[in-house]
Amino acid sequence: MIDYLTTTGFGGMTIGHAVMIAIGSAFIGLAIVKEYEPLLLVPIGFGIIVGNIPYAAGMSLSVYDDWGDGRGLQGSSVLSLIYFGVKYGLFPPLIFLGIGAMTDFSTMLSNPKLMLLGAAAQIGVFLTFFGAMYLFDFSLQRSAAIGIIGGADGPTAIFLSSKLAPELLGPIAIAAYSYMALVPVIQPPVMRLLTTRAERLIRMKPPREVSRREKMIFPVVAFLITALLAPGAIALLGMLFFGNLLKESGVTERLARSARTALIDIVTILLGLAVGASTKADTFLQTESLQIFGLGAASFVIATAGGVLFAKFMNLFLTEKINPLLGAAGVSAVPDSARVVQIMGQQEDPHNFLLMHAMAPNVAGVIGSAVAAGVFWAELAH
Amino acid sequence: MHLTATTLRLAAFASADQVARAVEITVIGMLMVFAALALLTVFLTLLPRFLGWINAVWPERGDRHATLDAAAELLGDEDDVLAAIGFVLHVESREQP
């Protein structure tokens, strides 16, 4: 009887396990009570709990008990089979397919200069990459995986981590999704600090109507331009633009519908659960994880500031001024950062509707962060 | 002693190399991101003009697919449509002598 009790979860429980279970529960609580990214935080939170139940040694239950340890497929755990999609970067491109199939690029097509705000916000990614290497002595590969948190794009962060620093995948994914959920908390102070009231009151011209031909040509040409410049981003951007072509072509509506509903939902469930379950107490509760969280927060702040300041810089040359709040939406976090821009704009002027305009830098940020990931991968893979 | 100094010097060089490499990647990365999105901006700015010329030669037809989509939405699920057709055929066949 006593022997059996030692094999139970209660018998093997350590403080580390208890802390991780508390973190998982906090994620679920945040998702349910505060409604912060519930579609991600519920699976991740539950995954953290699943991954931190202690069990007797020799049982194949963890995401890390895979076929690579000599026991073959029979010896691998169910969770490791799900984790396969994370470990080998399968899930992120599938999520991008769904995002492409649900994204309307019309506002970006109608006002293309707003795309540059999505580029400017990537400064957060690259400065954090440099900071992680310079201040905390992370290797270049690990620094790149940490820096991409500033892209505010969970799938991109997971994809790059799986390629360059798989050992940091858990903390990076958790940091990326936590900060994406905390966009409404992190961004407003930075935006307020860097803009004047007069700037926040700037109204944008209504977007022009975009023809069907423009919408159909865009995904093909955009893929060619971005993939030729950063071939490392082919998997992510290929799927993003392929999904968008399915949506806009008008002849593959059934495929587009599957990609933006059932497929993305299934992949999100599996990815969230697997990422959560990969956070083991003994590897997660380390100083390194705290550093990653700190750098991730800094990355978000720099990215937001970069976008806002670049919008102000553009205004020096433009006759038709841009509301600099839009720059904050260059941090991809679709659509949360665009919502933050809308809310901030309406706090100053309830009749100022910025949401549609903010979607342009928002989706440009997705493209920008994928290109950044592609550059990192190309430069640091060997 | 000599070995330690050499090792330290090597470490310093390696570190300087790493910093230089990080700066290089940062600059290249930002340039690539800006280049990609700036090229897209230029392309998207010129696209309506280009499509204007194309439309003069090969006008864009009415939004056939949008119409079809709207019609499909009005009709609802494919199964419902098939059920309706089946019902009509059934009624017709019963009414025939």
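Guide: Happy to. Contact here means heavy atoms within 4.5 Å, and that is the sense in which one element covers another below. Please keep in mind that this is a predicted model.

Let's start with helix α20 of chain A, which runs over residues 336-348. Its 13 residues reach 19 Å from the first C-alpha to the last, close to the 18 Å expected at 1.5 Å a residue. As background, an α-helix has 3.6 residues a turn, so residues three or four places apart point the same way.

Across all chains, the whole structure holds 15 aromatic pairs. One of them joins F84(A) and Y88(A) in a tilted arrangement, 4.9 Å centre to centre with 40 degrees between the planes. F84(A) counts as partly exposed because its relative accessibility is 34%, and Y88(A) is also partly exposed, at 42%. Another pair, F218(A) with F241(A), is edge-to-face, with centres 5.7 Å apart and planes at 85 degrees. F218(A) lies in helix α15 (residues 212-229) and F241(A) in helix α16 (residues 234-249), so this pair ties together parts of chain A that are 23 residues apart in sequence. Both F218(A) and F241(A) are buried. Ring pairs also link Y179(A), F284(A), F293(A) and F300(A) into a cluster.

Chain A also meets chain B: 45 residues of chain A are in contact with 34 residues of chain B. The two chains bury about 3400 Å² between them, with 78% of it on carbon and sulfur atoms. On the chain A side, R213(A), L229(A) and E379(A) lose the most area to chain B, together 20% of what that side buries.

One last stop is a loop. N111(A) sits between α7 (106-110) and α8 (115-120) of chain A. This residue counts as buried because its relative accessibility is 17%, and its side chain makes a polar contact of 3.0 Å with that of K113(A).

Terms used. Residues numbered from 1 in each chain as written. Chains lettered and ligands numbered in written order. Predicted model: local features only at pLDDT ≥ 70, side-chain atom pairs only at ≥ 80, totals over all residues. Heavy atoms only, no water. Helix = DSSP H or I, 4+ residues; strand = E, 2+ residues; numbered from the N terminus. Buried < 20%, exposed > 50% of the residue type's maximum accessible area, 1.4 Å probe, protein only. Polar contact = N/O pair within 3.5 Å; in protein donor to acceptor, adjacent residues only side chain to side chain. Phe/Tyr/Trp six-rings, centres within 6.5 Å; stacked < 30°, edge-to-face > 60°. Expected span 1.5 Å × (residues − 1). Buried area = accessible area lost by both parts, 1.4 Å probe.
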